[in-house]
Amino acid sequence: MLLRDGGVAHIRPLRPSDRDALHALVARASPRSAYLRFFTGGTASADAYMDRITVPGYPGHALVALVGGVMVGVAEYVPGPGRPEAEVGILLDDPVHGQGLGTLLLEHLALDAADAGIEDLVATVLPENRVMLRVLGDLGLPVESRYEEGRVEIRIATRPADSLVAEIEARAHEAERNSLAHVFTPCSVAVVGASRDPARVGHRVLRNLVDGGFPGPIYPVNPRAAEVCGLPAYPGIASLPGPAELAVIAVPASAVLGVARECARHRVRALVVLTAGFAEAGGREAERELLRVCREAGMRLIGPNCLGVVNTAARLHAGFLPGRPAAGPLGLMSQSGAVAAALVERAGLVGLGVSSFASVGNKADVSGNDLLEYWEDDPATRVIALYLESFGNPRRFGRIAARISARKPIIVVKSGRTTSGSRAVRSHTAAAATPDVAVDTLLRACGAIREDSVQDLLDTARLLAFQPLPDGPRVVIVGNSGGPQAMTADACERAGLVVPDLSPATAQALRARLRPAAAVANPVDLTAEADAADFAFAISTVLADPGADAVLIVYTPPFGSGLDATRKAIAATTMGAAKPVLACLAGHDELVDGRVPAYAFPEQAVHALSRAVGHAAWRARPPAPAEDVAGIDLSAVRRIVAADLADHPGGRWLDERTATGLLSAYGVQVAASVAVDGPEAAAEATALTGLPAVLKATGPRLVHKSDVGGVRLGLRTPEQVRRAYREMAARLGPAMRGAIVQAMAAEGVEMIVGGVAHETFGPLIMVGLGGVTTELLADRAFRVPPIDRAEAARMIGELRCAPLLHGYRGRPEADVGALADLVVRVGRLMDDQPDIAELDLNPVIVTPDGVAAVDARVRLAPAPPLPSPFRRRLR
């Protein structure tokens, strides 16, 4: 895991074989450190302590920390007799004080103690040990302290709380940012494989560093050259005249591990491995060993199989991108080298430019999550853009991105919009929750903006980087040609933007000043004769209209005063505008006056503006307060799930009775049913359910019963029920193990509510139009749970079928609040119980009086333990 200064530590349980390393740690400790830890002078007590914790039968639990393979810390707790508490102690090597290692050890020790049933850790600290008192107090766990007999007793509650997550994330953020400073702001750079051949990658990297004006020492490493690019060359890292903070490696794959080990021996802090031939070519073991070497030595790793890194503010071009990337406000990461090259080049051409850039290749170590942490505090970065081919840790991405999106926009292009055939799913919800739907849902939840193409990414980034966010969706269009303006208005309507009428005062002001042929509605058509002065007046006038949230200028050159004069008018008039202004200068993608984005086509401008409106709305949404949901019994659900998985270790589709019991523990009521095993029993069951009745076949292979004739509705007599059972059994054969009889539900709107535990992205919940047409019409909305009722209501409002719930064509108004409550409960259930793999409530009948789930399907499958947000570790 990362230390505060960006170094890497390895924390693991103590082993008996660690005895000699522990004694070496004691021997290095200063008298002051030994006294503060053991309250006595000398090392006798410390040595005896190390012997005690490494012998068989040691009653406590100890963790050790290693940096660079050297043991530099130990922390332990020893349970007390008869009480759920334990005494805690910690010793650190003097050189690692102040790097956050003590906090890391205590974080993990407290979580281990909580898992072991220990409720409190008790530390006895000398009053003069102010550093340890501060570490214990700032841990993020509830702390009580009292002074007694010249010592301070600190009692730490081990149960993790939300406050601990916040503290851990803040500490992890600081460590991540500092570790990547070695990549983006190094004091010195070595290029290993700096060839004299201008066509070779190593030469191109060195040339980019030199030509880019990197201010620190640059060390070409080439054992067969005395000089490269005018700089003295060195045979290896060991022969460098000074330390290399960053090493860029451009040697054959077979030589990379040797170079990495040499870098580790000479305290290089970060590697950029350009070389291909690792996991992407079947060399997974070599890539794992490369990462192991880097972790052991505390080096961060970019790549392998990448183009390098750029930081324009630091004049660092440590890669082989052609040309010199233009400086700008865009922080850019790409998994694809080809996409990276196109993005950087195009960003410069349209006036955007990059603050820093990383081509991460195989992402063996540094990933998009790490780069987000770095860019969060980078003053040169105003917008973050990611081209992703995969998510390594989607849950962590969601937490980090949600925090950053509140301050800086994040734009994502995620390739691979295809459905996965890797897992057989049989519920409607699981079939709909494709990996691409999961990506959309994750990005929406954390406020990131998803784009389908590099062009869209750059179009949106230009607007977000240089213009304020709009207060709403109302846009005023000003131009000199009716056709392009009409196209712009149509595009606005399609994108969900509003083209409102101008206020009477604005219309009157325009009419008084503009040419008689001008149209002063919205769009404002200045006509082809309009000059730059007309544009300037119209723009300033509509900017003052209280009904305008944004202004979109549509200019078709060469009419009027011409392109250059119109650019100047736009620049002068929009200086200091509090509302976003953007332009369509037909045929021209650029940045007017370095701040007003201009697009070649109206659709580009409208698309970017719609993304800005959506992002502004996400930011403006108040944080959802924690809601109490009545009638939730998590312990009952855990008992049901544990008992069923004990009987069916591989999981299964639950029978009707078990599924109903599980759902009712979270307040989800399923229509009452009577299980029957023959035609006579089915007929007799109507005395309990009433008539008219519904007959549904049951059996482990009958998931979508309607598709195979396993559902009969509106049976009005016991004889009809008896006959329907016989016909159903004849049709379905052995697949039908029995049936259930239910009363016919009241007429209402058929909806579906469901959930799926996605193997990569975690739980998702869905609401949509239900019944037999649910997959045909595909009218549904997804979210990442848990959600509150307001968000559930927004989900329902997104559906095309939403009018059916609100009295469409004289139908009675349905109880949408009850449907929203059901969605919330299903979301809580999916979030609380990861062993629920699939859940379908279909149909859910929504009436004016409430909701009724008339069919429920639940599949359990043992889920792997989720990574704890409380345990910091590098992936």
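We'll begin with the whole protein and then go stop by stop.

**The whole thing**

Keep in mind that this is a predicted model. Show everything as a cartoon: there are 27 helices and 38 strands to find your way through. Along the principal axes, the C-alpha atoms fill a box of roughly 90 × 90 × 55 Å. The protein has 875 residues, and 55% of them count as buried. Take the contacts between residues at least 6 apart in sequence: 70% of these join residues at least 24 apart.

**Stop 1: Glu107**

Select Glu107, in helix H4 (residues 101–115). Is Glu107 buried or exposed? With a relative accessible area of 3%, Glu107 is buried, because the cut-off for that label is under 20%. Now show Arg872 too: its side chain makes a polar contact with the side chain of Glu107, at 2.8 Å. Leaving out neighbours within four places in sequence, Glu107 also has Leu139, Ile168, Arg171 and Phe870 among its contacts.

**Stop 2: Ala347**

Next, go to helix H10 (residues 337–349) and pick out Ala347. Ala347 is buried, at 0% relative accessibility. Which residues does Ala347 touch, not counting those up to four places away in sequence? They are Leu352, Gly353 and Leu458.

**Stop 3: two helices crossing**

Colour helix H15 (residues 454–466) and helix H20 (residues 602–620); their axes come within 9 Å and cross at roughly 60 degrees. The crossing of H15 and H20 is right-handed. To see where they meet, show side chains on both. From H15, select Gln455, Asp456, Asp459, Thr460, Arg462, Leu463 and Leu464; from H20, select Gln604, His607, Ala608, Leu609, Arg611 and Ala612. The residues of this contact divide into five nonpolar, four polar and four charged.

**Stop 4: the salt bridges**

Time to look at charges. Side chains of opposite charge can pair when their charged atoms come close. How many salt bridges does a search of the whole structure find? The answer is 61, and a few are worth a click.

- Arg207 and Asp211: their side chains form a salt bridge, 3.2 Å from N to O. Both sit in helix H7 (residues 201–211), four residues apart, which is about one turn of the helix. Arg207 is partly exposed at 31% relative accessible area, and Asp211 is partly exposed at 42%.
- Asp855 and Lys705: the closest N and O atoms of this salt bridge are 3.3 Å apart. Asp855 is in the loop between strands S37 (850–853) and S38 (856–860), and Lys705 is in the loop between strands S30 (693–698) and S31 (711–715), so the pair ties together parts that are 150 residues apart in sequence. Both Asp855 and Lys705 are buried.
- Glu791 and Arg783: here the closest N and O atoms of the salt bridge are 2.5 Å apart. Glu791 and Arg783 are both buried.

**Last stop: a network**

Finally, select Glu176, Arg295, Arg300, Asp365, Asp370, Glu373, Glu376, Arg396, Arg403 and Arg407 together. What links these residues? They are joined in a network of salt bridges.

Methods
Residues are numbered from 1 along each chain as its sequence is written. This is a predicted model: local features need pLDDT of at least 70, side-chain atom pairs count only at pLDDT 80 or more; totals for chains, interfaces and linings use all residues. Side-chain values use heavy atoms; hydrogens and water are left out. A salt bridge is a side-chain nitrogen of Lys or Arg within 4 Å of a carboxyl oxygen of Asp or Glu. Buried means under 20% relative accessible area, exposed over 50%, partly exposed in between (1.4 Å probe, protein chains only). Axes are lines fitted to C-alpha atoms, for helices over the stretch in contact, and angles run from 0 to 180 degrees between N-to-C directions. A crossing is left-handed if the near helix is turned anticlockwise from the far one by less than a right angle, and right-handed if clockwise. Contact means heavy atoms within 4.5 Å. Ala, Val, Leu, Ile, Met, Phe, Trp, Tyr, Cys and Pro count as nonpolar, Asp, Glu, Lys and Arg as charged, and the others, Gly among them, as polar. A polar contact is a pair of N or O atoms within 3.5 Å; within protein, one must be able to donate a hydrogen and the other to accept it, and residues adjacent in sequence count only if both atoms are side-chain atoms.
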